[in-house]
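Hi,

Here is the model I said I would pass on. Have a look at it first, and my notes follow below.

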Amino acid sequence: MDNPVLQVEKRTQLGSHAARRLRRDGKLPAVVYGHKEDTLAISVPEKDFRTALQTGAKMFRIHCDNNEQDALIRETQYDAFGIDILHADFVRVYMDEEITLEVPIEVRGTPVGAAKGGVLEQIRRTVEVRCLPAHIPEKLTADVSGLDVGGQLTLKDVRLPSGVEIAHGDMNTLVAQVRLPMVKEEAAPVEEGELAKGPEVIVKKVKEEEVEEES
Amino acid sequence: MRLMPKRVKFRKTQRRRIKGNATRGHTVAFCEYGLQSMDPGWITAQQLEAGRVAVSHFLGREGKLVIRVFPQKSVSSKPIETRMGKGKGEPEFWVAVVKPGTVIYEIGGVPEAMARQAFNRVAHKLPVSVRMITRRV
């Protein structure tokens, strides 16, 4: 699949006010950096960028002033509600150079232990992988259907597409496990007087010497 | 469960305004689904506990619940039929200050439909409007 193309413009005015004006006009402030070249402040059409993100794109082809370069999306900032995109970070990459990036892990199947009352717990949701930009996987999958109660799935068991290797050092890192739900012991009832007393107040200890001096 | 600080520097706090949106604690961090506040407000320790009980009754032994906020702030009040003056009242209850965007609860280990039903029960216990969000990878 070809990388989505973004027609971007260089940003001359920087700062929060200029960024807010850009967002009002349907553009998104962004930045391109990497490969020891100058950092470039750009503005991206918000609609195009959002559409590309929804299709799972990670690599983009950036057109800026008759200049083309491939870039990987490094970070996307959202507002407090996770709805509006506020800013994006792109890092320059060469298509023949291996890159390292975080990819989500998806667990598939219903574990055998679930029928015995076990709960599937996914501990690690992303993993760092190394691959060529053309081979970036959308996600890695791991089959948990064979897990019994107490069973564990590690990075070794994650299925990798060709041309992709895990960059995380320890392959025994836990990804998912099936365990019996913990039964919490009911806390001992708190006496009324204890509740009314409230928390302990931290009081500064006055040195005895100071007290003597004052007297 | 006793939801209030163990030790405090000052027993009584000023009320203060709640301004702006949440700049931290606004994403799902521990589980798959979260209950996000859409309004600013105070959530009392009793309301938080009521929400926890509602979820644990609904989910039973399934899944996992995480409470992302803690009642750090004391709210004082004067006894009824008391004349004004004579100093600030005694701390009555403890609240968690919540800004729009704050994730209050998280649920994991259950299907989405079940989490939604559980959050629907919690929403009735809270003084702020809320919505369910899912984890963004």
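Predicted model: local features only at pLDDT ≥ 70, side-chain atom pairs only at ≥ 80, totals over all residues.

Let me start inside chain A: the side chains of Arg61(A) and Glu68(A) meet in a salt bridge, 2.8 Å from N to O. By salt bridge I mean a side-chain nitrogen of Lys or Arg within 4 Å of a carboxyl oxygen of Asp or Glu. Arg61(A) is partly exposed at 27% relative accessibility, and so is Glu68(A) at 38%. (Buried is under 20% relative accessible area, exposed over 50%, partly exposed in between, with a 1.4 Å probe and protein chains only.) Salt bridges that share partners join Arg61(A), Glu68(A) and Asp70(A) into one network.

Residues are numbered from 1 along each chain as its sequence is written, chains are lettered from A and ligands numbered from 1 in the order in which they are written, and side-chain values use heavy atoms, with hydrogens and water left out.

Another pair in chain A is Glu46(A) with Arg50(A), closest N and O atoms 3.1 Å apart. These two sit four residues apart in helix 2 (residues 46-54) of chain A, so about one helical turn separates them. (Helices, H or I and at least four residues, and strands, E and at least two, are DSSP runs numbered from the N terminus.)

Now for the interface. 28 residues of chain B are in contact (heavy atoms within 4.5 Å) with 22 residues of chain A. Together the chains bury about 2,100 Å², 58% of it on carbon and sulfur atoms; that is the accessible area (1.4 Å probe) that two parts lose on being put together, summed over both. Arg2(B), Arg61(B) and Arg136(B) supply 26% of what chain B buries against chain A, more than any other three residues.

Three salt bridges run between the chains. In one, Glu32(B) pairs with Arg125(A), with the closest N and O atoms 3.0 Å apart. Glu32(B) is in the loop between strand 1 and strand 2 of chain B and Arg125(A) in the loop between strand 9 (119-122) and strand 10 of chain A, so the pair joins two chains. Glu32(B) is partly exposed at 24%, whereas Arg125(A) is buried at 14%.

Strand 15 (residues 200-201) of chain A also runs parallel to strand 1 of chain B, joined by two bridges; pairing takes at least two DSSP bridges. There Glu200(A) stands opposite Arg7(B).

Cheers
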